[in-house]
Structure formats: C-alpha cells, structure tokens
Amino acid sequence: MSTVLFRNVSILDSTGADPYPGDVLVEDDRIAAVGTVDAARAEGARVVEGRGRTLMSGLCDAHTHFSWINSADLDGLGTMPVEEHILACVESAKTYIDSGYTMCVGAASAKDRLDVVCREAINAGRIPGPRYLANGPEIAVTGGALISSITKFADGPEGMRKAVRELIALGVDQVKLSMTGEEITGTQRAEDTYFSDEEVAAAVNEAHRRGKRVCAHARSAESVKMCLRNGLDIIYHASFTDAEGLDMLEEAKDWVFVAPGINWLVATLYEAESFGFPQAAAEAVGYKKELEQAIKGLREMHARGVKILPGGDYGFAWTPHGTYARDLEHFVELLGFTPMEAILSATALGGEIMLRPDDLGKVQPGYLADLILVDGDPIADITVLQDQDKLNAIMKDGHFHKDPGHQEPAA
C-alpha cells in the first residue's frame with residue numbers, strides 16, 4: 001500500500017467548515033484519515049510537512065474546451081489539421097492539472113473525437129490531465145452556428161435525435177446545444193434564440209434515454225426557460241435570465257447547474273483590444289450590457305441557492321489556458337460570493353457536476369485523493385489560486401502530479 005501523510009496542514013475540507021489544523025493520511029488512491037491520524041497507521045508513510053499551508057480539494061472547471069488553443073482565429077479551430085490539434089489538446093489537459101484543476105466538464109470539442117481521445121488517454125495514464133467528461137462538437141440549427149467550421153448541424157426533432165445518437169456513438173459523456181447567439185460574431189445576437197421547444201425536448205429525451213446529459217450555450221431569457229422546461233442538465237451563460245426564469249431556476253435548483261463563464265464577458269469587454277476587439281467595439285455590440293445583466297441575475301441566482309460553478313470559456317486568445325482561477329476572483333468581486341462559497345462552488349459542487357459527490361471535491365475520509373497544497377490562505381486571498389508557484393503539490397488518485405520534494409518517512 002502506498003501511503004502519504006500530509007502533516008501539520010490547514011485543512012480546507014469543502015464541507016463549509018472553517019479551515020482547521022491537522023494531518024491528512026492518503027492510502028493508495030483514497031483519503032484514509034483527516035484531522036488526527038493514528039501514528040501506527042501512518043508508520044512508514046511518506047511525509048509531506050505542511051508547515052501550516054492549506055490542503056484542499058483539487059478544483060473543477062465546469063466549462064472546459066481542451067481544443068480551444070488560445071487563438072483569436074475562431075474559424076481556424078475547424079481548419080487546423082487534426083494531428084496538430086490533438087497535440088494542442090494534450091497541452092491544454094496538462095495546463096489544467098498544472099493549475100490545480102483535477103475535474104473538468106467538456107463544453108464542446110472542435111472536432112468529433114478530440115475530447116474523447118483525450119479522456120481515454122488521461123484515464124489510461126498516457127497523458128497528464130484532470131478527470132474529464134468529454135463532449136463533441138456543439139449542435140446548432142441551420143443559421144444558428146457561432147463558428148460553422150466546428151459545429152454539427154441538425155434541424156427539427158428527428159434531426160436532433162439523429163445528431164445526439166451520432167455523438168453518443170463517438171463515446172461522449174454529454175452533448176451540447178448551441179441555442180443562442182454571441183455578439184462577437186457580428187451577426188448572431190446573444191438575446192436571439194434559435195431552437196424550438198420541440199428540438200430541445202427531442203435532444204434531451206434522446207440523450208437521457210441513453211444515459212447522457214445535455215448542456216447548452218444559452219444566453220437569452222427564453223433559452224434559459226426552454227432549457228428548464230425540457231429538463232436540460234447544465235446551462236452555460238444564462239446572461240439575460242428574466243424574473244420568470246429566476247423562479248424556474250429556483251424550482252429546479254436540486255438538479256440543474258449553471259456555469260456562467262463570467263470571465264469570458266469580463267475579458268471580452270476589457271482585455272481583447274490587442275487581439276482586434278477594442279473595448280469600444282465590445283460595448284457597441286452589447287457586452288457591457290450583457291455583463292451588467294449577467295451580474296445582476298447571477299447574484300439573484302446565488303441568493304436563491306442555484307448551483308453556480310466556475311468555468312470561463314478558457315482557450316480564446318484573451319482568455320488563455322492557465323488563467324482558470326480568475327473565475328473564482330470574479331465570483332467574489334462581482335457576484336457576491338464569499339471566498340468560502342467560491343471555493344465550494346469549485347470543489348464540492350465540482351464533485352456533484354462530475355456525478356461523483358461521494359468521491360470528489362472534499363477532503364474527507366473515503367474520498368479520492370485529488371488534493372492541492374497551497375502556500376497561502378485562499379479564504380483570505382482567493383487570488384492565490386491563480387499563482388501556479390503557490391500550488392506546492394498537486395495530487396490526483398493518490399499520486400503526485402506536482403511533487404513537493406523528497407522528505408523523510410514518518411517515524
């Protein structure tokens with residue numbers, strides 16, 4: 001049995017309790033003991049001296065695109081040769097786990113099997129990366145694609161059923177519907193809704209019948225309500241949710257997840273100028289309005305207990321891979337989360353959205369040993385999670401992805 005003892009750490013266990021001092025024992029791939037560890041049980045374990053550093057669960061990104069490659073050329077995602085593209089995906093997967101993210105939910109792949117291949121390679125131990133739920137190309141109706149070159153088109157209920165079946169045959173864990181526009185396209189408005197209720201219902205029913213979930217790019221008020229009426233599982237963005245939608249979200253809070261991608265809005269509005277999209281242009285097409293509406297709605301969702309998770313559409317030029325924890329800062333600074341609530345959204349709720357709430361997202365006995373050792377206190381300063389140098393150790397399945405260095409075995 002492989003054993004590791006984290007000694008004298010500040011334990012942030014993601015139960016909602018304040019961090020507390022103690023030890024954590026890992027046996028093979030599981031957390032065996034938390035708080036006080038029996039000396040005999042820890043005998044012979046490798047010791048990591050915490051010196052009061054924070055030990056916490058690995059983080060979750062609920063809106064992940066391995067195949068977005070930090071490019072401002074969005075159509076280029078479709079034309080990039082698949083051989084180079086899979087290598088870029090491998091680099092993205094490594095960047096996620098290098099950043100302390102041990103759980104990721106795929107939110108669309110630029111080519112059919114990129115996500116699936118990466119998931120399988122990670123699971124087989126061939127490449128480093130987070131636990132991953134793979135997606136395929138997003139489904140759009142004719143005339144409703146955000147980026148045509150990376151979209152799977154379907155129309156009408158039967159078309160939706162066929163598209164869902166084809167994606168499931170590829171081995172995806174969930175499918176994505178691209179239901180609304182996006183202002184940066186210049187032609188597709190964020191408040192426009194392209195799907196019909198019948199199309200959403202057909203896609204959801206077909207996926208659920210085959211044991212798969214459905215997520216959606218849904219910015220408009222109507223698209224959010226359409227998702228909820230038809231039992232869709234994960235809503236991305238939800239920027240323009242209206243009063244009726246808020247009531248529906250509250251009613252559905254036990255089963256639906258919202259991942260707003262808040263950093264996409266912030267960065268597109270304020271940080272895309274050097275990539276050809278200055279703030280004045282972003283404001284002119286509506287990103288300032290959308291950010292303001294999104295903040296207002298998300299603060300209300302949070303107050304009503306809706307499950308909101310981080311995941312900011314990373315992988316565009318102005319939202320590059322490796323900057324994922326900016327979402328947590330936005331949750332605190334813009335959405336009214338406490339630092340503890342932001343961390344719970346990225347850990348305990350991460351375990352829920354990964355469909356493993358009793359295995360992932362907490363530092364508790366019996367949970368899988370996906371852990372990060374942080375040189376700092378994220379409760380006092382949530383931005384410490386943005387600094388890879390402050391992540392002194394990263395563990396997944398009881399094995400160190402980032403090793404803290406050799407120390408003597410426990411006496």
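1. Axes here are lines fitted to C-alpha atoms, for helices over the stretch in contact, and the angles between them run from 0 to 180 degrees between N-to-C directions. With that convention, and bearing in mind that this is a predicted model, α9 and α12 pack at an angle of about 90°, their axes lying 9 Å apart. An angle of 65 to 115 degrees counts as roughly perpendicular, and α9 is therefore roughly perpendicular to α12.

2. On the α9 side, the contact with α12 is made by I262, N263 and V266, and on the α12 side by R326, D327, H330 and F331. Sorted by class, this contact of α9 with α12 comprises three nonpolar, two polar and two charged residues.

3. Helix α9, which spans residues 262–270, also packs against helix α11, residues 287–303, at an angle of about 150° and with the axes 9 Å apart. Because angles over 145 degrees count as roughly antiparallel, α9 is described as roughly antiparallel to α11. The crossing in which α9 passes α11 is left-handed.

4. Which residues make the contact between α9 and α11? From α9 come I262, W264, L265, V266, T268, L269 and Y270, while α11 supplies Y287, K288, E290, L291, A294 and L298. By class, the contact of α9 with α11 holds ten nonpolar residues, one polar residue and two charged ones. I262 and V266 are listed in this contact, and both are listed again in the contact of α9 with α12.

5. Helix α12 (residues 326–333) has a further packing partner in helix α13 (residues 339–346), and here the axes come within 9 Å and cross at roughly 140°. That angle makes α12 oblique to α13, and α12 passes α13 in a right-handed crossing. The residues in contact are L328, F331 and V332 of α12 together with P339, A342, S345 and A346 of α13. The class count for this contact of α12 with α13 is six nonpolar, one polar and no charged residues. F331, listed here for α12, is also among the α12 residues that touch α9.

6. Turning to the strands, an open sheet is formed by three of them in the order β6-β7-β8, with parallel pairing. Its edge strands are β6 (59–64) and β8 (131–133), each of which pairs on one side only, and the twist from one strand to the next averages 15°. Strand β7, residues 101–106, runs parallel to β6 and is joined to β6 by four bridges; within this part of the sheet, T64 stands opposite G106 of β7.

7. Aromatic pairs in the model number 14. One of them joins Y101 and Y324 in an edge-to-face arrangement, with 5.5 Å from centre to centre and 70° between the planes. Since Y101 belongs to strand β7 and Y324 to the loop between β17 (307–308) and α12, the pair ties together parts that are 223 residues apart in sequence.

8. A separate strand pairing deserves a remark: strand β19 (residues 391–396) and strand β20 (residues 399–402) run antiparallel and are joined by three bridges. K396 has H399 of β20 as its bridge partner. The two strands, β19 and β20, form a hairpin with two residues between them, and D397 in the turn has a positive phi of about 60°.

Key
Residues are numbered from 1 along each chain as its sequence is written. This is a predicted model: local features need pLDDT of at least 70, side-chain atom pairs count only at pLDDT 80 or more; totals for chains, interfaces and linings use all residues. Side-chain values use heavy atoms; hydrogens and water are left out. Angles under 35 degrees count as roughly parallel, over 145 as roughly antiparallel, 65 to 115 as roughly perpendicular and the rest as oblique. A crossing is left-handed if the near helix is turned anticlockwise from the far one by less than a right angle, and right-handed if clockwise. Contact means heavy atoms within 4.5 Å. Ala, Val, Leu, Ile, Met, Phe, Trp, Tyr, Cys and Pro count as nonpolar, Asp, Glu, Lys and Arg as charged, and the others, Gly among them, as polar. Two strands pair if DSSP finds at least two bridges between them. Rings of Phe, Tyr and Trp (its six-membered ring) pair if their centres lie within 6.5 Å; planes under 30 degrees apart count as stacked, over 60 as edge-to-face and the rest as tilted.
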